[in-house]
Amino acid sequence: MRRILAIFVSFLVALNFVWVRPVSAQVDYSKIRVALASMGAPDTVTVIVQGDYRIPERSSIDLEQKEYTIKLAGGSLVLTDGGQTWPLGSRFTFERNDGNLRIHNNSYGWINYLGDMEVRIEGNCIRLVNHIHLETYLYGVVPSEMSNSWPLEALRAQSVAARSYAVSTMHPNSYYDLVDTQSSQVYLGYNPSKANAIRAVNDTAGEVLKYNGSVAQTFFASSNGGRTETSRNIFLEDLPYTVIGDDPYDVDNPDNPYASWTVAYPKSPVEASLSNRLTERIKSSLAARGYSVANPDIRIKSIKELSVHLNDGGRVDGGRIIVVLDAKRTTNGQFETIEEAVALTKSNARSILNVKSLLLTVEDTGNSYLIRGGGNGHGVGMSQYGAQYMAFLGFGYKKILDFYYPGTSLSRLNVSPSPDTPPEEDDDDEPSQTRKPFPRPDQSSPTEKPGTTGKPTPTPEPTK
């Protein structure tokens with residue numbers, strides 16, 4: 001299942017960079033389609049109907065407020081309530097009048113979803129696609145990407161960034177626009193208790209960032225370690241509003257646990273988890289050289305070299321690890337002491353080294369390699385911890401966005417009002433400066449090196 005999910009998510013990520021929807025004032029951006037990739041590749045899905053729903057493809061089914069099971073059987077979708085069973089072919093829809101669907105999500109647990117829910121066969125699994133109003137979708141994104149208790153100005157900045165990213169990556173020629181994981185942006189359905197985040201979405205309703213008339217692809221990450229990165233170094237596409245520069249707000253935030261960190265790897269004996277990761281990456285080379293690839297026949301003894309080279313933003317974009325190991329010859333069963341090299345790239349270095357970001361340096365201390373770094377994520381666009389601290393200092397969300405996406409301007413989309421806009425209410429989870437956002441693994445590995453900043457210093461303005 002993990003392999004299927006990995007292939008599916010990689011495919012979805014690739015699509016996000018193949019086509020970007022043109023933006024015009026006449027287009028209605030009210031609806032968005034979110035594939036629930038977080039569910040993996042299930043052949044059974046549990047759904048609880050909590051409201052008024054119907055299945056337009058089979059109007060004779062009278063949906064009640066109770067639990068249903070969707071199964072994949074004989075190449076067809078089958079809906080059952082435990083008593084009756086209805087075959088529904090390769091695709092059907094839970095069409096909403098009011099209420100919500102409560103669905104057991106393999107990654108997130110039980111989640112409440114508004115909007116319509118399309119159910120379809122994708123390969124050998126069931127795929128759910130939530131057809132939802134753009135603003136309602138953001139109700140589930142903003143508090144999933146940033147703590148609901150954070151200052152409203154930070155949440156407003158997150159709302160605009162999330163809305164801009166969503167619109168800029170819509171795919172009208174596909175059956176979905178985004179996925180519900182960090183491969184797009186995390187979406188956890190609808191939770192009315194997240195009143196601060198919902199208010200931030202409503203306060204910025206329809207607002208996006210544009211650059212030269214097009215909606216900006218507004219990447220963001222948990223922390224940049226004090227250095228923003230250009231998209232050219234991470235995602236290949238050169239977005240002019242993503243620049244290399246110093247970010248004092250990220251590293252000066254006293255609540256940022258990722259401002260700086262260290263990782264040490266002894267040269268010998270090699271740390272067990274690192275040894276396991278390296279073992280998997282040298283097996284193909286060992287096989288080509290005539291050695292066994294069975295784990296007991298590969299004994300990494302020491303690290304001979306760990307080196308990296310940095311890009312113009314100070315992040316790793318290459319390097320290598322050379323290990324000394326005993327390997328077993330397949331021809332005679334004898335162990336030989338050999339060396340193997342593992343290439344480090346911006347795509348694999350974070351996972352191999354098990355570090356939060358690639359804004360780092362490596363020091364040979366004699367007995368070990370000491371990695372010093374900062375940040376958590378790719379570092380492109382807005383730092384969530386930086387936005388939190390800017391809001392704490394009194395910057396409004398527009399100044400926060402100006403700082404992290406220089407050259408962009410706010411614009412309002414043609415979006416109809418959300419049918420699910422809740423009444424404003426007090427939230428027990430009051431905004432504070434100490435709560436932390438959900439760490440956001442990036443969609444690619446960071447790569448950075450000292451360079452020019454090109455970043456203006458914003459002028460504080462009162463928080464709304």
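Student: How many aromatic pairs does the count come to?

Tutor: The count comes to 15 aromatic pairs. Rings of Phe, Tyr and Trp (its six-membered ring) pair if their centres lie within 6.5 Å; planes under 30 degrees apart are stacked, over 60 edge-to-face, the rest tilted. This is a predicted model: local features need pLDDT of at least 70, side-chain atom pairs pLDDT 80 or more, while totals for chains, interfaces and linings use all residues. Residues are numbered from 1 along each chain as its sequence is written, and side-chain values use heavy atoms, without hydrogens and water.

Student: Why is the pair of Tyr-175 and Tyr-176 called edge-to-face?

Tutor: Their ring centres are 5.1 Å apart and their planes stand at 65°, so the pair is edge-to-face.

Student: What makes Tyr-176 count as buried or exposed?

Tutor: Buried means under 20% relative accessible area, exposed over 50%, partly exposed in between (1.4 Å probe, protein chains only). Tyr-176 has 2% relative accessibility, so it counts as buried. Tyr-175, at 18%, is buried too.

Student: What lies over the face of Tyr-175?

Tutor: Arg-120, at 4.0 Å from the ring centre. The rule asks for NZ of Lys or CZ of Arg within 6 Å of the ring centre and within 35 degrees of the ring normal.

Student: Which side chain makes a polar contact with that of Gln-388?

Tutor: The side chain of Asn-253, at 2.6 Å. The limit is 3.5 Å between N or O atoms; within protein, one must be able to donate a hydrogen and the other to accept it, and residues adjacent in sequence count only if both atoms are side-chain atoms. Gln-388 itself is at 1% relative accessibility, so it counts as buried.
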